[in-house]
Amino acid sequence: MDFLITVATHLTYFYSVIMSIIEIVQKNFFNLNMQFYEIGYELSFFIGIGHLIEDKLRVKTSLGIKELLKLQNKEVEIVQNNQIKKVKTNQIQLNDVVKVAKGQAIPTDGILLSDHAYLDYSSLLGEAIPRDITKNQLILSGSINVGDLIYYQVTKLATDSTLNKIINQLEKIMNNKSKIEVTSQKIVKYFLPTVLIISLITFILWLILLYLPISIPPIFNNVYENPIANALYHAVATLVIACPCAFGIAAPAAIYSSSFIASKNKILFSSSKIYEMINDISFVAFDKTGTITEGKPFVAQYLNQNKQYDSYIYNLATLSNHPLSQAIKNYFANNNNNNETIEFENVKEILGVGIFATNNKNTCAITSLKYAKENNYVFHQKQSFDENKSISVFSINNEVISYFQIEDQIKKDALQTIKNLQNMNIKLIILSGDRKENVEKIANQLGIDYWYGDLLPDQKAEIINEFKSKGKIIFVGDGTNDILAIKSASIGIAYASGSELTNSIADISLLENNLNLVYKAILLSRKTLNLVKLNFIWAGIFNIICIPLAVLGLIAPWLGAILMVGSTSVLLLNTLIAQKRNKTMISKI
């Protein structure tokens with residue numbers, strides 16, 4: 001845009017200088033014509049106002065990385081040898097104890113050592129209400145301490161912290177151009193010489209027409225007696241009205257503003273290319289455990305309850321870190337306040353089998369129902385439960401005392417998220433290493449189209465490749481066992497709470513273990529691409545209509561400058577309105 005304005009300004013100026021010199025040489029002092037001198041001033045005036053408006057709009061539609069950079073502390077205070085020492089943020093080491101005063105930003109991720117903290121996450125994650133954090137809970141870099149002085153222990157270096165990760169991802173989006181941005185740059189590349197050629201042709205055609213003995217209607221701005229001046233007037237108007245800037249900013253303005261909205265909603269895109277790819281998605285595949293379900297087994301039923309042995313079961317379960325044992329331990333911890341301490345000896349845990357220990361020469365065990373049956377344990381009472389479900393038993397000396405039906409709870413937002421995705425005409429899949437019976441149950445409860453269980457990591461990848469032959473597919477997972485699936489999918493989505501390696505290869509990282517973020521990411525991407533297309537349509541229509549009008553002489557250069565600046569401003573304003581609308585829409589989901 002500036003290039004075309006510069007060419008137009010210089011053309012009118014040098015033409016005016018040459019004509020002025022000719023008139024002076026001819027000693028035409030009393031009828032000296034000012035020629036086109038005023039056009040340069042008019043253009044500079046209107047373009048200056050236009051740039052001021054554009055800059056104001058562009059600031060509001062920008063990514064807001066500066067806002068995030070303000071959250072980075074240059075210096076922090078750490079505790080060393082019972083003394084406070086000031087160091088630079090990049091010098092903080094793992095396990096350092098950091099002091100954070102009220103009003104300061106948290107420099108790195110860590111574990112709270114103080115009893116209580118009140119942290120504002122609004123600038124980082126868009127949460128309006130500050131979080132109430134208690135001792136030993138995780139706190140994220142970029143949050144602001146709005147409560148009393150606190151201390152915390154560093155678990156991640158500044159370069160690996162949440163705030164730095166968000167900033168890096170946003171900068172990556174700015175630097176890596178999407179296909180549609182590359183296309184817009186190509187349009188501008190060919191648009192400029194095309195406009196110059198059209199302007200030259202306009203000059204030549206008008207020059208020919210004005211020298212012909214024909215009458216030209218006054219409506220075509222035939223304002224100069226000199227045919228050369230008139231032809232140049234039309235050519236300059238053509239240069240001024242052309243607006244390549246609209247093509248150049250149509251995609252970046254939309255993508256950058258949407259990326260900042262996404263980061264505020266705990267969604268990180270690794271590249272601007274993701275916005276285009278999501279638009280054509282046909283399938284979304286989910287891992288089950290930790291993705292669709294909470295990943296935290298709980299006791300759904302406790303059968304053959306015998307209060308005499310509750311303390312035995314509770315204390316034995318505490319000796320194992322296995323999720324099923326932890327579920328049993330939590331059940332008794334939450335439902336029984338009289339768990340007396342029972343001492344066990346000869347504790348032995350067998351992977352995939354259970355935990356065994358002795359008490360007063362009695363062998364106590366928590367094992368699977370399947371193991372108990374295969375090893376001829378004694379069952380005194382028949383129980384009515386679905387043996388396809390996960391059943392654990394407590395036994396003494398191979399005699400089954402109690403049964404526990406253990407299930408993994410579906411996430412609260414799963415059903416609504418599934419419905420939202422299906423309303424987008426997206427087919428849904430579950431790919432899980434869990435038993436087929438458990439996967440089938442979850443799929444039926446949620447109304448999911450395709451489900452597969454008992455899968456190894458490479459089998460997940462094989463199934464994804466099969467579906468890729470039918471359309472683009474997203475895979476959502478969180479564990480190391482999901483790496484192959486995420487890499488094989490058209491787009492991989494991972495939870496930040498999962499494996500570091502999984503997150504490093506994912507196209508989209510979700511900063512919260514919330515299934516609804518998957519729907520938000522897809523919806524925001526589609527809205528963004530629609531905005532880019534709308535911006536392109538506006539830029540195209542403006543140039544297609546206005547350039548011919550300028551060629552015909554129906555638009556004066558000063559009016560062309562106003563219209564051209566107005567075109568870019570309208571595009572930016574449209575982006576700003578869409579940004580606010582999308583921000584409100586996403587926050588309400």
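At 40% relative accessibility, leucine 212 counts as partly exposed, a class lying between buried (under 20% relative accessible area) and exposed (over 50%), with a 1.4 Å probe and protein chains only. Leucine 212 sits in the loop between helix 6 (179–211) and helix 7 (227–241). Helices here are DSSP runs of H or I with at least four residues, strands are runs of E with at least two, and both are numbered from the N terminus.

Before I continue, a word on the source. This is a predicted model, in which local features need pLDDT of at least 70 and side-chain atom pairs count only at pLDDT 80 or more, while totals for chains, interfaces and linings use all residues. Residues are numbered from 1 along each chain as its sequence is written, and side-chain values use heavy atoms, leaving out hydrogens and water.

Which residues of helix 16 are buried? They are Lys460, Ala461, Ile463, Ile464 and Phe467. Seen down the axis of helix 16, these buried residues fall within an arc of 165 degrees, so they line one face of the helix; the arc is taken from the directions from the helix axis to the C-beta atoms. That set packs against strand 11 (281–286), strand 18 (427–431), strand 19 (450–452), strand 20 (472–477) and helix 17 (483–488), where contact means heavy atoms within 4.5 Å.

My last topic is charge pairing. A salt bridge is a side-chain nitrogen of Lys or Arg within 4 Å of a carboxyl oxygen of Asp or Glu, and by this rule the count comes to four.

One of them joins aspartate 280 and lysine 472, with the closest N and O atoms 3.9 Å apart. Aspartate 280 lies in the loop between helix 9 (273–278) and strand 11, and lysine 472 in strand 20, so the pair ties together parts that are 192 residues apart in sequence. Aspartate 280 is partly exposed at 44%, and lysine 472 is partly exposed at 32%.

Another links glutamate 407 to lysine 441, at 3.4 Å between the closest N and O atoms. Glutamate 407 lies in strand 17 (399–410) and lysine 441 in helix 15 (436–446), so this pair ties together parts 34 residues apart in sequence. Is glutamate 407 buried or exposed? At 18% relative accessibility, glutamate 407 counts as buried, whereas lysine 441, at 28%, counts as partly exposed.
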